[in-house]
Amino acid sequence: MEKHVVVIYPHPDDESFGAAGTIAKFREQGVPVTYLCGTLGEMGRNMGNPTFANRETLPEIRKKELIEACKVLDMELIMLGYRDKTLEYEDRNEVAGHLKGIIEKIEPSLIITHYPEHAVHPDHNALGAAAIEAVQLIDTEKRPTVWAQAITNTHVEDLGKPDVINDVRDNFDTKMDAILCHQSQANGVIRSWNQSEGMDNDLKEEAMKRLGFESFYIWKY
Amino acid sequence: MKPIDLDKVQEKLESFTDKDVYVHLETTNGAYASHVNAKAYNVGVYIRNAKVRFNQAKIVGDGKSYRAGLKMEIGWIYAEGLTDWEMFEGEKLLMAGHDREGRLMVALQISETPFNY
């Protein structure tokens with residue numbers, strides 16, 4: 001059993017779409033989970049549908065949504081205070097040092113983050129790389145395991161089959177509850193799924209198909 | 001935000017002329033454009049808290065979508081596709097263009113005090 005799991009993603013909602021089922025499973029086992037959320041998604045373009053946010057109110061709205069989602073997933077939240085879309089321009093070593101300080105305090109046995117260069121959004125790639133570097137800076141015998149999540153369309157071609165594939169369909173209600181806490185974002189993301197195919201079929205069924213499995217690569221140091 | 005009212009927005013724009021003001025100007029088609037559609041391109045730009053001074057300002061449009069142009073001593077600021085507006089915290093003029101899913105496509109915001117950063 002894991003001792004403590006630390007999840008490191010840059011945006012409010014990355015945790016819910018990407019790893020909520022895995023987080024819920026750990027919490028069921030009584031494993032503490034802490035989310036280090038990089039930014040408040042200040043530059044998101046989904047303003048709700050119909051719109052209820054604007055560029056200036058979005059950060060506070062997303063912060064509230066994030067706190068709610070963390071309540072649903074029953075995990076501790078630490079907000080890192082970076083700004084959306086800027087993580088790749090921050091000094092990599094500084095971000096890694098910042099993360100290392102927090103990781104050394106928590107002493108997790110497992111870290112979940114994005115797979116650098118295979119995570120689509122520049123913030124995902126940059127924070128994933130910083131997290132992996134942070135762990136590298138920790139003494140070998142104290143290093144937690146790192147699960148890196150790749151989300152490019154070609155990640156299986158590029159990296160092979162993921163090492164960890166969690167079937168989270170049993171925890172799917174919790175995952176959907178967490179996703180729907182992100183009210184400003186969830187509608188926009190879910191709607192983007194049916195741009196190509198007419199998605200009249202059950203939303204939950206479609207969500208289950210897309211989000212029912214959460215997969216990770218074990219980072220090799 | 002609410003649909004742009006040309007006369008009201010024009011009046012607000014003029015209230016910022018010949019003053020040092022802070023501008024937020026942005027356009028985006030999202031960080032996932034080419035991820036969800038291989039034929040699309042990711043394009044975006046933003047500038048936040050540029051300190052500028054303009055001496056003329058005008059908003060033009062057809063009742064649905066509007067363009068705004070701000071004339072500075074040695075240049076221009078321009079935004080197309082604006083649909084909605086509001087006065088934020090009483091003194092910041094926010095204008096934005098949203099698509100039918102409520103996603104921001106373009107924003108032009110003007111304030112006498114800096115925007116949060």
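In the predicted model, N49(B) lies in strand β3 of chain B, which spans residues 44-52. The backbone of N49(B) adopts a positive phi of about 65°, although the residue is not a glycine. Most residues other than glycine have a negative phi. N49(B) counts as partly exposed because 14 C-beta neighbours fall inside 10 Å, a number between the limits for exposed residues (12 or fewer) and buried ones (20 or more).

Chain B also contains an open sheet of three strands, arranged in the order β4-β5-β6 with antiparallel pairing. The edges of this sheet are formed by β4 (54-61) and β6 (75-82) of chain B, each of which pairs on one side only, and the twist from one strand to the next averages 10°. Between β4(B) and strand β5 of chain B, which comprises residues 66-72, there are seven bridges, and the two strands run antiparallel. Within this pairing, G61(B) is placed opposite Y66(B) of β5(B). Strands of a sheet pair through backbone hydrogen bonds, in either a parallel or an antiparallel manner.

A parallel pairing is found in chain A, where strand β2 (residues 33-37) is joined to strand β3 (residues 76-79) by four bridges. In this arrangement C37(A) stands opposite M79(A) in β3(A). Together with helix α2 of chain A, which covers residues 58-72, β2(A) and β3(A) make up a right-handed β-α-β unit. The loop between β2 and α2 of chain A contains P50(A), and the peptide bond that joins N49(A) to P50(A) is cis, with omega at about 0°. Most peptide bonds, by contrast, are trans.

A further loop of chain A, between β4 (110-114) and α4 (122-136), holds E117(A), and V120(A) lies in the loop between β4 and α4 of chain A as well. V120(A), a residue other than glycine, has a positive phi near 70°. V120(A) counts as buried because 20 C-beta neighbours lie inside 10 Å, and a residue is classed as buried at 20 or more. E117(A), on the other hand, has 14 such neighbours inside 10 Å and therefore counts as partly exposed. Although E117(A) and A150(A) are 33 residues apart in sequence, their C-alpha atoms are separated in space by 8.3 Å.

Terms used
Residues numbered from 1 in each chain as written. Chains lettered and ligands numbered in written order. Predicted model: local features only at pLDDT ≥ 70, side-chain atom pairs only at ≥ 80, totals over all residues. Pairing = 2+ DSSP bridges. Right-handed = clockwise from strand over helix to strand, strands pointing away. Axes fitted to C-alpha atoms, helices over the stretch in contact; angles between N-to-C directions.
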